[in-house]
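Please have a look at it before I go on.

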Amino acid sequence: MATHTTKSHPFHMVDPSPWPIVATIAAFTIATGGIWFMHGGPPWILIAGFAVLIVSFFGWWRDVVNEAQSGHNHTSVVQHGLRVGVLLFIASEVMFFFAFFWAYFNASVPLINSAAHTTWPPEGITPFHAWGLPFLNTLILLTSGATVTVAHHAVRLNDREKMVFWIGATAVLGFLFLGLQAFEYHHAAFGLTGGIYPSTFFLATGFHGFHVFVGAAFLTVCFFRARAGHFTPNQHVGFEAAAWYWHFVDVVWLFLFVCIYWWGSAGYHGPAGH
Amino acid sequence: MLKKLLALALVAAAAVVSGAGQLRAEPANGEPTPWAINLQPAFSPVMEKVHDFHNLLLVIIISVTVLVLAILAYVMVRFNAKRNPVPSRTSHNTLLEVVWTAVPIMILVVIAIPSLRLLFFSAKPENPEMTLKVTGHQWYWTYTYPDQEDMTFDSIPIAADQLKPGQPRLLAVDNPVVLPVDTTVQVLVTADDVIHDWAVPSLGLKKDATPGRINETWVRIEKPGTYYGMCSELCGVNHYFMPIQIEALSKEDYQAWVKQAKEQFAAKDGPATSLARADRAD
Amino acid sequence: MAYATTAGHGEHDDHHPTGWRRWIYSTNHKDIGTMYIILSLVAALIGGVMSWMIRLELAEPGIQFFDNTQFYNVLVTAHGFLMVFFVVMPAMIGGFGNWFVPLMIGAPDMAFPRMNNISFWLTAAGLTLLVSSAFVGEGPGTGWTVYPPLSSIAYHPGAAVDFGILALHLAGAGSILGAINLIVTVFNMRAPGMTLHRMPLFVWAILVTAFLLLLALPVLAGALTMLLTDRNFGTSFYAVSGGGDPLLWQHLFWFFGHPEVYIIILPAFGIISQIISTFSKKPVFGYLGMAYAMCAIGFVGFIVWAHHMYTSGIGTNARAYFTVATMIIAVPTGIKIFSWLATMWGGSIDFKAPMMFALGFLWLFVIGGVTGVVLANAGIDFVMHDTYYVVAHFHYVMAIAAIFAMFGAYYYWIGKMSGRQYSERLAQIQFWIFFIGVNVLFFPQHFLGLGGMPRRIPDYPDAFAGWNMVSSVGAAITMVGTLMFYYIIWHTFRYGKTAEANPWGEGATTLEWTVPSPAPFHTHEELPVIGAGDHGHGPLHGGVQPAE
Ligand code: HEA
Ligand code: HEA
Ligand code: CUA
Ligand SMILES: [Cu+2]
């Protein structure tokens, strides 16, 4: 509470905030607007919902950043809590992807599911050639994993110029990945409605792509915060969260690459997919 | 509380001892009976084994429940604040803790062995002598006899106001599926719209009819008679009105029925399905 | 509701926000907990009315009220969802968890107070969507298990199922955030000396539950997302025509669904441990065994899901594995039951209302639990599957045992929460009405199930009439008990005596009893220090000293 100038514990008592209810109204609007849209209605409510959501995210995180910069709210104990929170959030995200991998293996591995397809990819599907664009994207993400680590070192050494550069580089690599994936989607030999293979392919890689976008946006915010001098060697939870999130996105991609692009096209010996 | 418990245990024990439904088994009639408190009587080897296993389980679960409730009752009487104003402070007893971990494990082993035996017995028939194909639709069943040149017919529930005397409401159909007794029948179950489930309690039959899958089960009916069941997977508005009726005939009667049925269901041209639907209309 | 009267004493509750902002913008774990409890009470009324409509229809054979049988299916679906996601979970985890985890571990609030607030509002938004779903178009007549293809666009073309999906998405997101919050609070905010092995068992229970939520709900979210895209964007995850598989849904749903049932019962275990220890005036017997039994239940809970799918056509070896794995859960659960009995053994038991509900819980849970062991056996489950035997099983363990724990928790803590004590006499009467009611309601359903009566049917063969009537009479008794509970709440706030800081005496040793009643807006602003004493339930026996 603002009224407590002296407190005898290291925790952060947060002031009342409008953002949770605003964000909920946004989510509710997205849900109902989305349903309306899916059942033939106009998209405006959905779009309005997203707009409010972005506003509330902006306001919410602006408050968090201000609290962090205030100097006394984010004690080392609070920082520890935030870090554990981020790790738990990532754990829940892992389980989200777990569902999509389950769908993929349920369709493709007869050992798991007696009714699975005996040929994979199913007949009529021309998959991507794993060692083309997907491999390039793998290299990009692996490189970005390295650059974000370099940035992390720079943060620890309090080398502002270096951290700004390497955070920026990581974000750029992230957006580059997204661009290439958009290109790949554009040249896919199958469409979303073409059966179980495209279903698993597009939802698994699509949600990954969405996470890359979130991670890259997060890094972009960190880029500006780094420039503004927000990160110090002993207070940079925001950056650390972005970095961990980025590693998580990276690892999910490795699984996607190995399981869907590589193993998933092994039965296929035609020309490169694009 | 204790009285209620005892009464309950007695009722349940009586059910075990008398084999409840079995007494009513005179004319082989596999259907639910009013106020029954146990499984329907058994008319197939699988269901007989289910009865045996269930009797074992009943003894075990009633004993466990009675034990827990007896201790509970004792504790309530002996250690209430009036009789025991000064509480003890014991909070550990390694021996006890080992015992109440080990004994349940042993009980579970006693359950698991017959359980797995029953599971593997019920899973696959030894030498099926014939095959019946069952297809679920919203909201009726289609039966196909691959051994009889794929003879196929639909089995449509009879509306309440058209029941003949003796036909139970929500259970009787126009064309029951007919099977011979003392014959091991392989049953293949599937569906062509949503998931249904082909179930006949007194024969120990229950298998999901899932579109895109052919599930296998089997039955060997021991007595001629009529056996009823109901669709056992929520399948839409008429889920409650999608009964299964099996007519079990002696082998000779069955052969006679096959002959007549082939004529009946083949005489009309076109797919049997639409015919049977038309049947229902009149 | 909580501070209407006696709040305002002491230096602790100085300025706190007032007016509507206090609630809508709240970052206070007690206010948010209170809102969760109110939400649960509202949802319980809706879900309860639906269940009584179900029992009214089933009182006699024939279609009584629902000529549109789809509406019956919708009621069953909505009843199941409401009770599970919007009555039990919000009350136990969001309500009592929010209120008492910080109080019991000596923390001034939750780790992320703002996130705490959005967890609540997302739950409320989910509730709104869920209730709406029953009234848009023809409603979701899919059962709470939402199996495709019945839930696909071909068989449920309206928007109702989409409302249901998004309701669960929102409530699920709220629960995941709530779980993160609870875990971080427990890991990071324990008062000095409050080691993990000294935490009260309620906190342990919530901790394990939070992990189950964190790991199980995202799988449901993934499954729901696939259902949503199947319905609206032409994917084929569950559609056979596109090479998909309806059983995929069942696996994913139950991979979430089985942990979900332990999400419901573990907090109940925690509540029961506190109550039994308090009213026996003894520390919990076998504290560590109790804590680790919950961890074991949580862990094994993740590897038994297909026991809901024994008739679906999965392989025989798989069924054998799931049989054995499922039965193993009886062992840690047995440890809990016997440890509760041993806690009472040698105690000096006060039969106050919370204790009565705890004893009722034991009775109900053991009956429900042992029928679970019957169902665990794939070799016999196929006879009971999708019959009222299963309905009886899960109402014993989930519905009424868990609800008993909630009633117990309410009576146990209402003095602390509101500063007003309930009327012991009324509560005892309510206990007996409810206890008799639920047994008359659900015990005969075992018989119906064994006799072969399927679930989810608005009409049944005439032979089932007898026990169905008995069951419906039980529902009517239960209805009286429920309405009386709402009366008691009103009565407590209107006429309740002022509650002392610790109304329960020497048995109540956890930290929440060291703060005044009602608990002031801010508590533990000065962190208590917990000395080495009795494990867990009795940390205070080592003495709480004010921080230096
Ligand atoms: C709170 C909720 C809850 C809880 C705690 C449980 C507990 C258990 N459940 Fe239950 N269950 C449900 C909620 C719950 N269940 C629901 C909602 C469904 C149906 C869903 C649907 O289809 O809609 C269901 C269905 C269900 C099925 C599927 C039935 C079917 O559809 O065919 C099975 C099968 O294995 C099962 C098993 C068990 C077991 C083994 C336990 C065990 O955890 C029980 C352990 C407890 C005890 C055993 C008692 C105490 C122990 C002792 C005193 C020790 C000694 C005992 C012995 C040695 C036996 N449950
Ligand atoms: C926790 C879960 C829960 C609870 C409490 C209940 C409570 C009740 N249920 Fe059940 N029920 C389910 C979960 C639950 N149910 C589920 C999951 C299904 C399956 C759905 C499906 O098949 O898809 C089901 C299905 C189901 C059926 C089967 C329908 C069918 O298959 O056709 C029936 C039929 O009798 C029934 C009856 C009842 C009755 C009469 C009550 C009640 O009347 C009992 C009275 C209890 C209350 C009214 C609640 C009291 C609580 C409070 C007052 C809150 C207190 C709050 C605080 C202390 C903070 N329910
Ligand atoms: Cu067919 Cu239920
Ligand atoms: Cu389960």
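Which helices of chain C each supply at least two residues of the shell around ligand 2? They are helix H2 (29-58), helix H3 (69-105), helix H13 (388-418), helix H14 (424-451) and helix H15 (465-495), where a helix is a DSSP run of H or I with at least four residues, numbered from the N terminus.

Before the details, a word on conventions: this is a predicted model, in which local features need pLDDT of at least 70 and side-chain atom pairs count only at pLDDT 80 or more, while totals for chains, interfaces and linings use all residues. Residues are numbered from 1 along each chain as its sequence is written, chains are lettered from A and ligands numbered from 1 in the order in which they are written, and side-chain values use heavy atoms, with hydrogens and water left out.

Staying with ligand 2, the shell holds 38 residues, each with a heavy atom within 4 Å of the ligand, and those that come nearest are C:Tyr72, C:His79, C:Trp144, C:His395 and C:Arg456. By class, the shell divides into 25 nonpolar, 10 polar and three charged residues, with Ala, Val, Leu, Ile, Met, Phe, Trp, Tyr, Cys and Pro counted as nonpolar, Asp, Glu, Lys and Arg as charged, and the others, Gly among them, as polar.

As for polar contacts, meaning pairs of N or O atoms within 3.5 Å, a polar backbone atom of C:Arg456 lies 2.6 Å from an oxygen atom of ligand 2. A polar side-chain atom of C:Arg455 is 3.1 Å from an oxygen atom of the ligand, and one of C:Gln445 is 3.5 Å from an oxygen atom of the ligand.

Turning to the metals, donors are N, O and S atoms within 2.8 Å of the metal (3.2 Å for Na, K and Ca), and since water is not among the atoms, sites may look incomplete. The iron atom of ligand 2 has C:His79 (NE2) and C:His395 (NE2) as its protein donors, at 1.9 to 2.0 Å. This pair links distant parts of the chain, with C:His79 in helix H3 and C:His395 in helix H13 of chain C, 316 residues apart.

Helix H13 of chain C also holds C:His393, the only protein donor of the iron atom of ligand 1, through NE2 at 2.1 Å. That iron atom is separated by 4.5 Å from the copper ion, ligand 4, whose protein donors are C:His258 (ND1), C:His307 (NE2) and C:His308 (NE2), at 1.9 to 2.1 Å.

Terms used: A polar contact is a pair of N or O atoms within 3.5 Å; within protein, one must be able to donate a hydrogen and the other to accept it, and residues adjacent in sequence count only if both atoms are side-chain atoms.
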